[in-house]
Amino acid sequence: MRNARTRILAGLAILAMIGAACASNSTTSAQGPGGASSGLCASIDTSGTDALARICSSGTLRVATDPKYAPQSSFDVQSQTWEGFDVDVATEIAQRLGVKPELLPEKWGVITAGSWNDRWDVSVGSMTDTLDREKLFYFTPAYYYTPAAISVAADNTTITGPGDLTGKTVCVGVATTYQDYVEGTLKLGAGAPPFDFQIHGANLQTYETDTDALDNLALGDGVRCDAAISAQQTIQAYIDDGGKIKLTGDPLYYEPLSIAFDKKDPSDAQSLSQAVGKIVDDMHADGTLSSLSKKWYSGVDWTVTSASKGSTSASPSA
């Protein structure tokens, strides 16, 4: 899932400026000099050696996410701040733990490869639970849902659905479920609705992020891409920002999105995963996730299970 925004110039500047902003743009929770003194961490024995004890002791939750994946997560070069649905979710989770979030810009392919080697604690980046990824990660319950959608250039009149993509160049972000879908290898985890592979004989072109794929599609019909696949929310945000593309056809499949923890974390992340899973459940129950979804997705609640069962509009705000 991934904004047109100030595209190329912002892209060149973003990584150079982002490091200094990461530490300064963190929401701070009440905490003592040696770590957390509020939230869940107030009840955690910080002498333990697992990841939850370590985070509570340090007072910081290191969050890997994508700086070019609006409206989920993006870094604003002018204001030097992070913003987006995933950013707000990560901040809320850190607050409920009783620590501060430290947002780290990481490449999606690196995050999904696993074996993070203690470079960060968690991925709050709209990761889909797949059977292959379950070998690498602990997943929380889904915190929201998204339809995978096809986009084409705004002036395209020949592609109306997946059946028109045979022999066409389809652009996607690397190491995404969209790449797996085009390759015919996608196996979603438990709770995902069934789907069929509807694209056959397409030429796959991958880019570092979904936004890069959409940028190349927007260069013109067939210039580099005939179509691009991403989350419907991401494509719509790109269009709303002035991107010269459009949605076409019905969603290809629906995916539950979860928060991920490295199974090879040297500090053992299972207890941390369970704690954050409980926080996700609480955020569903008290309406926090629903409110954040409506904030970032034009009044639409993508956090309800009906969003993954055939509705392209989910639940609109009252």
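These legends accompany close-up views of a predicted model.

**Figure 1. Helix α2 packs against helix α8.**
Helix α2 spans residues 51-58, and helix α8 spans residues 270-285. Their axes lie 6 Å apart. The packing angle is about 75°, which makes α2 roughly perpendicular to α8. From α2, the contact draws on A51, L52 and I55. From α8, it draws on S271, L272 and A275. Five of the contact residues are nonpolar and one is polar. None is charged.

**Figure 2. A disulfide joins C41 to C56.**
This is one of two disulfides in the structure. The S to S distance is 1.9 Å. The torsion about the S-S bond is about -70°, so the link of C41 and C56 is left-handed. C41 sits in the loop between β2 (35-36) and α2. C56 sits in helix α2 itself.

**Figure 3. A disulfide joins C171 to C225.**
Here the sulfurs are 2.1 Å apart. The angle about the S-S bond is -100°, and the link is left-handed. C171 belongs to strand β11 (residues 169-173). C225 lies in the loop between α6 (210-217) and β13 (227-231). The pair links distant parts of the chain, 54 residues apart. Both cysteines are buried. With the bonded cysteines of the protein numbered in sequence order, the pairing reads 1-2, 3-4.

**Figure 4. R54 and D121 meet in a salt bridge.**
The whole structure holds twelve salt bridges. In this one, the side chains of R54 and D121 come to 3.1 Å, N to O. R54 lies in helix α2. D121 lies in the loop between α4 (108-112) and β8 (122-128). The pair therefore ties together parts that are 67 residues apart in sequence. R54 is partly exposed, with a relative accessible area of 23%. D121, at 1% relative accessibility, counts as buried.

**Figure 5. D121 also meets R62 in a salt bridge.**
The N to O distance between the side chains of D121 and R62 is 2.7 Å. R62 is in strand β3 (residues 60-65), while D121 is in the loop between α4 and β8. The parts tied together by this pair are 59 residues apart in sequence. R62 has 17% relative accessibility, which is under the 20% limit, so R62 counts as buried. A network of salt bridges links R54, R62, D118, D121 and D265.

The side chains of D88 and K295 meet at 2.8 Å, N to O. K295 has 54% and counts as exposed.

**Figure 6. T206 sits in strand β12.**
Strand β12 covers residues 203-207. T206 is partly exposed, with a relative accessible area of 30%. Leaving aside neighbours within four places in sequence, T206 is in contact with V172, V174 and Q179. T176 is 30 residues from T206 along the chain. The C-alpha atoms of T206 and T176 are separated by 9.4 Å.

Definitions and conventions
Residues are numbered from 1 along each chain as its sequence is written. This is a predicted model: local features need pLDDT of at least 70, side-chain atom pairs count only at pLDDT 80 or more; totals for chains, interfaces and linings use all residues. Side-chain values use heavy atoms; hydrogens and water are left out. Axes are lines fitted to C-alpha atoms, for helices over the stretch in contact, and angles run from 0 to 180 degrees between N-to-C directions. Helices (H or I, at least four residues) and strands (E, at least two) are DSSP runs, numbered from the N terminus. Angles under 35 degrees count as roughly parallel, over 145 as roughly antiparallel, 65 to 115 as roughly perpendicular and the rest as oblique. Contact means heavy atoms within 4.5 Å. Ala, Val, Leu, Ile, Met, Phe, Trp, Tyr, Cys and Pro count as nonpolar, Asp, Glu, Lys and Arg as charged, and the others, Gly among them, as polar. A disulfide is a pair of cysteine sulfur atoms within 2.5 Å. Buried means under 20% relative accessible area, exposed over 50%, partly exposed in between (1.4 Å probe, protein chains only). A salt bridge is a side-chain nitrogen of Lys or Arg within 4 Å of a carboxyl oxygen of Asp or Glu.
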